[in-house]
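Biologist: Could you walk me through some of the charged side chains here, and then show me how a pair of helices sits together?

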Amino acid sequence: MATELKVQHVTENSFDIARQQLRAACEALNLPSGVYEILKEPARVYVVSIPVKMDSGEVKTFIGYRAQHTDVTGPTKGGIRFHPNVTLDEVKALSMWMTMKCNLVGLPYGGAKGGVVVNPKKLSQRELEQLSRGYIRAIVDAIGPDRDIPAPDVYTNAQVMGWMMDEYSKLAGCCSPGVITGKPLAVGGSLGRNEATARGCVFTVREAAAKLGLDLSQATAIIQGFGNAGSVAARLLNELGVTIVGVSDSQGAVYNPAGLDPYALAEHKAATGSVKGFAGGTDVDGDGLLEMPCDILVPAALENVITAGNAERIQARIVAEAANGPTTPEADEILFRRGVTVIPDILANAGGVTVSYFEWVQNRMHFYWTEEEVNQRLERMMVEAFCKTYEMSREKQVNMRLAAYMVSLDRIAKAMAARGWI
Ligand code: NAD
């Protein structure tokens, strides 16, 4: 589990933003009004109360949510976050974005999201396990390998998924690894899952660079956030010849125009808890780092970090959104006008859910792939999703975000029509 309580809780009006994005894409595609009408609210929302006997002997209840946005293209899929700021609207918005992400990549899923209002850092391991199992007991009738398949999200991890899979299996009366993804390898997790988000993101950067004629061996990158997504993205970009000139985390930032060694930086962070103070670079201001010279900017930490306040000063040619929601709608317009290629979150970070899908497929087949097979399949699906989005943006003369929504909604609308919903 991450050590700081900071990453990514979406702004209060996130559900309004999600609806606006949905409406804009429906209008751009001239879809029948029924598409927006059906998708503007999740199909099902569960609100549950989870009692936990704390170590003190006291009983405390926690509020949990699960939103299942639509199952028009398959069972629903999406993570569970444990965070004190979780709200129902946030969970609903995230479930809608999961629908868009899954359909953009062509996964046979609709979107879902879950959350529990809790600060997990204040729980003992025993309390955390009881809460994880209690959440599953509360929503057991709503989930299942053919119904709704949860996964990790902010402040939940493979161990939490292991407990949840176990609780569901006990209640179902059979071992059911396909009910949840992001599990430890020992209970049906997939090779390559840990690196999947960053790997998928780097595939999209590679494709965007080729379209722009940007030679990656001469290119520079700045990465905001040096956690799961950011640190692996730094390493994989470096392997492609990109010079990593700047990296930040919640404590600070380092910069070196001659290049930072991502392996040494990871060792420094493991030893000290932060990238700041790294001997191979100079400490700089974290916010200012986003505006420093580079070809590729990878926000891999928080939402709403590229805003109307700094978008004019972003110098990168490519912004690859490993994080969810790092760019505000106003900033999006500014970057589009300035000719910056933004690879939107639902495309750039779709590698995570794609390998979760592979995990589910392997669980259902009881046959497991090598890491090489996982990575090859991931590459094929990410490149295809990138190309479809890029072509749509060219054809309709819209930014990559709207184009990604349009590709996704086109697929959803076809499924709705085929099922007689519209
Ligand atoms: P993480 O907790 O492993 O890492 C987050 C990093 O961001 C940490 O290094 C933290 O120090 C840093 N950070 C926090 N505040 C910061 C600030 N103000 N400035 C700079 N850095 C700051 O989380 P993660 O799993 O890498 O997720 C990062 C983002 O990627 C989130 O938006 C998440 O939703 C998104 N994402 C992750 C996955 C995945 O599989 N891990 C999948 C899809 C999307």
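Modeller: Before we start on the helices of this predicted model, a helix here is a DSSP run of H or I at least four residues long, and helices are numbered from the N terminus. In helix 14, which covers residues 400–418, Asp 410 and Lys 414 are four residues apart and therefore separated by about one helical turn.

Biologist: What do Asp 410 and Lys 414 form?

Modeller: Asp 410 and Lys 414 form a salt bridge, in which the closest N and O atoms are 2.9 Å apart. Lys 414 is exposed at a relative accessible area of 54%, while Asp 410 counts as partly exposed at 28%.

Biologist: And how many salt bridges does the structure hold?

Modeller: The structure holds 31 salt bridges. One of them joins Arg 133 to Glu 129, again with closest N and O atoms 2.9 Å apart, and both residues lie in helix 4. Arg 133 is buried, with a relative accessible area of 12%, whereas Glu 129 is partly exposed at 23%.

Biologist: Changing topic, how do helix 4 and helix 5 pack?

Modeller: Helix 4 (residues 125–139) and helix 5 (residues 158–172) pack at an angle of about 45°, with their axes 9 Å apart, and they are therefore oblique to each other. Helix 4 passes helix 5 in a right-handed crossing.

Biologist: One last thing, which side chain does Lys 77 make a polar contact with?

Modeller: The side chain of Lys 77, a residue of strand 3, makes a polar contact of 2.8 Å with the side chain of Thr 181. Lys 77 is buried yet has no salt bridge, and the nearest side chain of opposite charge, Asp 148, is 7.3 Å away.

Conventions. Residues are numbered from 1 along each chain as its sequence is written. This is a predicted model: local features need pLDDT of at least 70, side-chain atom pairs count only at pLDDT 80 or more; totals for chains, interfaces and linings use all residues. Side-chain values use heavy atoms; hydrogens and water are left out. Helices (H or I, at least four residues) and strands (E, at least two) are DSSP runs, numbered from the N terminus. Buried means under 20% relative accessible area, exposed over 50%, partly exposed in between (1.4 Å probe, protein chains only). Lys and Arg count as positive and Asp and Glu as negative; His and the chain ends are not counted. A salt bridge is a side-chain nitrogen of Lys or Arg within 4 Å of a carboxyl oxygen of Asp or Glu. A polar contact is a pair of N or O atoms within 3.5 Å; within protein, one must be able to donate a hydrogen and the other to accept it, and residues adjacent in sequence count only if both atoms are side-chain atoms. Axes are lines fitted to C-alpha atoms, for helices over the stretch in contact, and angles run from 0 to 180 degrees between N-to-C directions. Angles under 35 degrees count as roughly parallel, over 145 as roughly antiparallel, 65 to 115 as roughly perpendicular and the rest as oblique. A crossing is left-handed if the near helix is turned anticlockwise from the far one by less than a right angle, and right-handed if clockwise.
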